[in-house]
Amino acid sequence: MVAVVAASYCALAFLGVCEGFNLPPNFKKNHRAPWNRIRINSAHFAEKEDAPVVDADADADADANANANANANADVIAPTYGSEVLALALPALVTLSLDPLMSLVDTLFVGMSSPQSPLPLSAMAVASAPLTFAVFASNFLSTATAPIVAKQMGGGEEEEARETGRLMLNVALVFGLALSAGFFLNATAILAAFQSTPSTTLSLSLPFLRIRAMAMPAILTATASIGILRGYLDTKTPLRVAFIANAVNLLVDLVTIFGLKLGSTGAAIATTSAEIIAAALFLDKLREIEISPDLIPRQLAKYKPVLLASSSVFLRTLILQSVLASATFVLGGEVRDVAAHQIALQIWLIGSFVSDCLAGAGSGLIGREIGRRNDAGVKAVTKNVVVLSTVLGVIQALILGLATERGG
């Protein structure tokens, strides 16, 4: 069992390496930026030093020499990639751990408010399953955006990077509004599909689903914002936003669950409030770098490259979430089993989000090095991420294994 958990967590981190190579179909053809050494920290890309402009029609010898010089430079700086991966991954580690912590706190507080009955927890699990499915299926807004923006920034295409950010924020808003309306209008039918006896928990799960559905545009906007900031190699802003969102969720939970005795409905109000505030903070930060959703009509050709690059990530996440959601579906109306599954799933999700910190760092750095045309740098980042993710996966699996043994 420990080996299986370790493998699952390692695989999640390995996916970041793959996402870094997820280029739009026309990227290699159109991307002609020369190699330039760019000083980057975790907050922003510094200005490039003056460098000669390479004509798009330069001969093959000139291209070969440029690539050779790039790889030679990369060999010199490659040993620094381990520290750079950690510098990006550690803030992301805390951020990604805090994100599912909101759901875990909700689960804990709702369970404490009704210790004699598993019904509220069961209602939360049933209502959370379709929401979790939709949120994770929309994760392409982050995982596909980060490497594209990083490649563009690495190649000096700053305006193209900003335009990619605007496009993805537009997609997030439109997709979020559609999901919100779909959940709100079809809540009863959706919940009925996840339980064999709808009357058992419908009175509690229905308001939970509808309240959480109101935050879908905010959730997807925040997801896209994290992807954009990862592309800029900024993992500190999501950390600050996550702290604020969790603080809001905790305070509102205390008021609504224990003060107003609203149970799972109070938890939904707290999480929705925190997610809306988080989205507002992200948008405020992105305005500083001239990125904001504009909803200006554009030709489909503008969206096609980023949507095609997102499709493989979307399908992968869709398959994974289908497997997770099917567990709740199979359990049906068994209240105690569904409640236990809710607790176990939240604990596993925290571990998966921890692993994703390396995936985020890897995809951003690999995207940047591809933009720089730095083959040696790509290999160095890949090696560091693979080694670190293996160590992290084993550590997490051992922790869970020991905790399970002691708990049993």
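Analyst: Let's start with R373, which is partly exposed, at a relative accessible area of 26%; buried means under 20%, exposed over 50%, and partly exposed in between, using a 1.4 Å probe and protein chains only. R373 sits in the loop between α15 (335–371) and α16 (375–407), where helices (H or I, at least four residues) are DSSP runs numbered from the N terminus. Its phi is positive, about 60°, although R373 is not a glycine. Most residues other than glycine have a negative phi.

A quick word on ground rules: this is a predicted model, so local features need pLDDT of at least 70 and side-chain atom pairs count only at pLDDT 80 or more, while totals for chains, interfaces and linings use all residues. Residues are numbered from 1 along each chain as its sequence is written, and side-chain values use heavy atoms, with hydrogens and water left out.

K261 also has a positive phi of about 60° without being a glycine. K261 lies in the loop between α12 (236–259) and α13 (264–287), and is exposed, with a relative accessible area of 66%.

Now for the interior. A nonpolar core is a set of buried Ala, Val, Leu, Ile, Met, Phe, Trp, Tyr and Cys residues joined through side-chain atoms within 4.5 Å. The largest one has 56 residues, and L141, F183 and M216 touch the most other members. Helix α8 (residues 158–185) gives the most to this core, 8 residues. A second, separate core of 19 residues includes Y81, I350, C357 and A380.

Methods:
Helix = DSSP H or I, 4+ residues; strand = E, 2+ residues; numbered from the N terminus.
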